[in-house]
Amino acid sequence: MPKASVIVPIYNAEGYIIDLLNDLAKQTFKSVEFLLVNDGSIDNSSKVISEYIRETKDRRFQLVDKQNGGVSSARNLGLDRAVGKYIIFVDSDDRLSPLFVEKYVKQIESTSSDIEVFSAIKVNDRKNLDEVGKIDYLPIASKRLLSVGEYIKYFSNLQAWGYPFCYIFKRKLWEKIRFDETIRYQEDVLAFFEIWTRYPKIKIHVNSDAYYYYVLRPSSALHTMSSKDAWQFVEVDNNILRYVESQPCLRESYNYLLALKASSLMITIATSCLENNDFYYKKSKKEFILLAWKAKYISKAISLRRKLQSLVVIFDFKFIIKRIYRYLYSD
């Protein structure tokens, strides 16, 4: 039985999947299964993968074909099929160091944590892999194990994120948890908070090592999101707040999580300004102004930023919001 299960949702990836297949084949860790979940691709993804497995004869690969249901559906099927002690998620259009699985597994075992968190390297070119940025956990990396409450505070302060490929989990944490297939945005964050609130006594360890290459794509959420899409962030935050409020030992995290919701409301405000959607602007404005001042922050910089943003929103300086966020979204 493999020690780790790597779950890879795949949809219409024939143009680049070979790069990831090669990276998986080069993994130094042998006690692993690669669950390649083809989510009803209408291109030749399934054929490319089947031929690759047949030619390499690498028994770690498993191709699972299913009808199209979205990335959450694909990940859920992977979780249903996984037999490893540990779960790792990989996106089909990214790249991996040959040490990716080995380091993830060795680290979670050496720290005896339930969840291990890694950084990731941002690249523009999946061939050259030249670093252009980082999903950087260095500021909160530590030798000690963190409680769920501590990690939630970092998450609320935008020092931790819901990128699934930055995490390795003990599989037992997923026995009663699945991704919500009805939502398009923040489904990963919602699932993670379900785990943290269902198992509030688990331990999380954060390190700054990076063995994952995250390929930046122009079609990512912030470039294509509508105001209605952005509001889904707020709805997920509302669910998260309910989860945390229902767990007595995590209630002190509640006001810190209001800062996370304030961030989501600001994204909705910015998106509504860019598309001149007055409905979602008004829907977000009042609550954002309230939360910007009510929320707890562990960072003075973010606290000041939110309060300055609230003043801009109070006075309806939409031209300032448009200028700033049009620049940010063009990256």
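A191 touches W174, I177, R178 and F179, residues up to four places away in sequence being left out; contact here means heavy atoms within 4.5 Å. A191 is placed in helix α6, where helices (H or I, at least four residues) and strands (E, at least two) are DSSP runs numbered from the N terminus. At 1% relative accessibility, A191 counts as buried; buried means under 20% relative accessible area, exposed over 50%, and partly exposed in between, with a 1.4 Å probe and protein chains only.

The model is predicted: local features need pLDDT of at least 70 and side-chain atom pairs count only at pLDDT 80 or more, while totals for chains, interfaces and linings use all residues. Residues are numbered from 1 along each chain as its sequence is written, and side-chain values use heavy atoms, with hydrogens and water left out.

Helix α6 (residues 187-198) also packs with helix α5 (residues 148-156), at an angle of about 155° and with the axes 11 Å apart. Axes are lines fitted to C-alpha atoms, for helices over the stretch in contact, and angles run from 0 to 180 degrees between N-to-C directions. α5 and α6 are therefore roughly antiparallel to each other, since angles over 145 degrees count as roughly antiparallel, under 35 as roughly parallel, 65 to 115 as roughly perpendicular and the rest as oblique. The contact is made by V148, Y151, I152 and F155 of α5 together with V189, F193 and W196 of α6. By class, this contact has 7 nonpolar residues, no polar and no charged ones; Ala, Val, Leu, Ile, Met, Phe, Trp, Tyr, Cys and Pro count as nonpolar, Asp, Glu, Lys and Arg as charged, and the others, Gly among them, as polar.

The buried residues of α3 pack against α6 and against the strands β1 (4-10), β2 (32-39), β3 (61-66) and β4 (86-89). Helix α3 (residues 71-81) is mostly covered, with 8 of its 11 residues buried. These are S72, S73, A74, R75, N76, L77, G78 and L79.

Another helix pair is formed by α9 (residues 254-274) and α10 (residues 278-294), which pack at an angle of about 150° with their axes 8 Å apart. In α9, L258, K261, A262, L265, M266, T268, I269, S272 and C273 meet Y280, Y281, S284, K285, E287, F288, L291 and K294 in α10. By class, the contact of α9 with α10 has 10 nonpolar, 3 polar and 4 charged residues. K261 of α9 counts as buried, at 7% relative accessibility. Apart from neighbours within four places in sequence, K261 is in contact with V234, D237, N238, L241, E287 and L291.

Two further positions remain. S45 lies in helix α2 (residues 45-56) and counts as buried at 0% relative accessibility. Leaving out residues up to four places away in sequence, S45 touches I10, N12, A13, E14 and N38. A polar atom of the S45 side chain lies 3.2 Å from the backbone nitrogen of E14.

I324, in helix α12 (residues 318-329), counts as partly exposed at 44% relative accessibility. I324 and A270 are 54 residues apart in sequence, and their C-alpha atoms are 8.9 Å apart in space.

Note on methods
Polar contact = N/O pair within 3.5 Å; in protein donor to acceptor, adjacent residues only side chain to side chain.
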